Amino acid sequence: QWQFVESGGGLVQPGGSLRLSCAASGIILRSYDMNWYRQVQGKQRELVGGITRGGMTNYVGSVKGRVNISRDNAKDTVYLQMNSLKPEDTAVYYCNRRNFADPWGQGTQVTVSS
């Protein structure tokens, strides 16, 4: 059984930046389209955006213009670069394969606060 491993979260001040990473044990991420999600405590998990195997990206909602999803196939890692962070971006961030019902990883906590 594989699992996704998200990392790179932390505490950052409003206006700051973070780069989150998504890796996996047991599967080859570069073979799949990947999505990033986030979940605010007490709310449903929501889609942030995604990247295809070929590198095409899409973004959803309030993060548009402030985030960039990329992938490094040599490292088999997917990234979520977040800029101009706002307190409302505070959430646990997860990655997952697009169109698969994979188990969720533990996610990485992002807290935006002064």
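**Notebook: strands, disulfide and salt bridges**

I began with strand β1 (residues 3-7), where F4 and E6 make up a covered face, while Q3, V5 and S7 make up an uncovered one. I took strands (E, at least two residues) and helices (H or I, at least four) as DSSP runs, numbered from the N terminus. In a regular strand the side chains alternate between the two faces of the sheet.

Before going on, I noted that this is a predicted model, that local features need pLDDT of at least 70, that side-chain atom pairs count only at pLDDT 80 or more, and that totals for chains, interfaces and linings use all residues. Residues are numbered from 1 along each chain as its sequence is written, and side-chain values use heavy atoms, with hydrogens and water left out.

**Entry 1: the sheet**

I looked up the partner of β1 and found β3, in the antiparallel sense, over 5 bridges. I counted two strands as paired if DSSP finds at least two bridges between them. Within this pairing, F4 has A24 in β3 as its bridge partner.

I then followed β3 onward and found that β3 also pairs with β8, again antiparallel and over 5 bridges. Here L20 has L80 in β8 as its bridge partner.

From β8 I went on to strand β7 (residues 67-72), which pairs with β8 in the antiparallel sense over 6 bridges. N68 stands opposite Q81 in β8. I also checked the connection: β7 and β8 form a hairpin with 4 residues between them, and D76 in the turn has a positive phi of about 50°.

Put together, I have an open sheet of 4 strands in the order β1-β3-β8-β7, with antiparallel pairing. The edge strands are β1 and β7, each of which pairs on one side only. I noted that neighbouring strands of this sheet are turned by 20° against each other on average, direction ignored. For that value, axes are lines fitted to C-alpha atoms (for helices over the stretch in contact), and angles run from 0 to 180 degrees between N-to-C directions.

I looked at how covered β8 (residues 77-82) is, and found 5 of its 6 residues buried. My cut-offs were under 20% relative accessible area for buried, over 50% for exposed, and partly exposed in between (1.4 Å probe, protein chains only).

**Entry 2: the disulfide**

I found 1 disulfide in the structure, a disulfide being a pair of cysteine sulfur atoms within 2.5 Å. The pair is C22 and C95, with sulfur atoms 2.0 Å apart. It links distant parts of the chain: C22 is in strand β3 (residues 18-25) and C95 is in strand β9 (residues 91-97), 73 residues apart. The torsion about the S-S bond of C22 and C95 is about 75°, so I recorded the disulfide as right-handed. C22 counts as buried at 0% relative accessibility, and C95 counts as buried at 1%.

**Entry 3: salt bridges**

My search of the whole structure gave 6 salt bridges. The criterion was a side-chain nitrogen of Lys or Arg within 4 Å of a carboxyl oxygen of Asp or Glu. Side chains of opposite charge can pair when their charged atoms come close.

I looked up R30 and D76, which form a salt bridge with the closest N and O atoms 3.7 Å apart. R30 lies in the loop between β3 and β4 (34-39) and D76 in the loop between β7 and β8, so the pair ties together parts 46 residues apart in sequence. R30 is partly exposed at 40% relative accessible area, whereas D76 is buried at 14%.

Next I took R53 and D33, whose side chains meet in a salt bridge at 3.7 Å, N to O. R53 is in the loop between β5 (46-51) and β6 (57-59) and D33 in the loop between β3 and β4, so this pair ties together parts 20 residues apart in sequence. R53 is exposed, with a relative accessible area of 52%.

Last, I checked R66 and D89, a salt bridge with the closest N and O atoms 2.7 Å apart. R66 lies in the loop between β6 and β7 and D89 in the loop between β8 and β9, so the parts tied together are 23 residues apart in sequence. R66 counts as buried at 11% relative accessibility, and D89 is buried with a relative accessible area of 1%. Salt bridges that share partners join R38, E46, R66 and D89 into one network.
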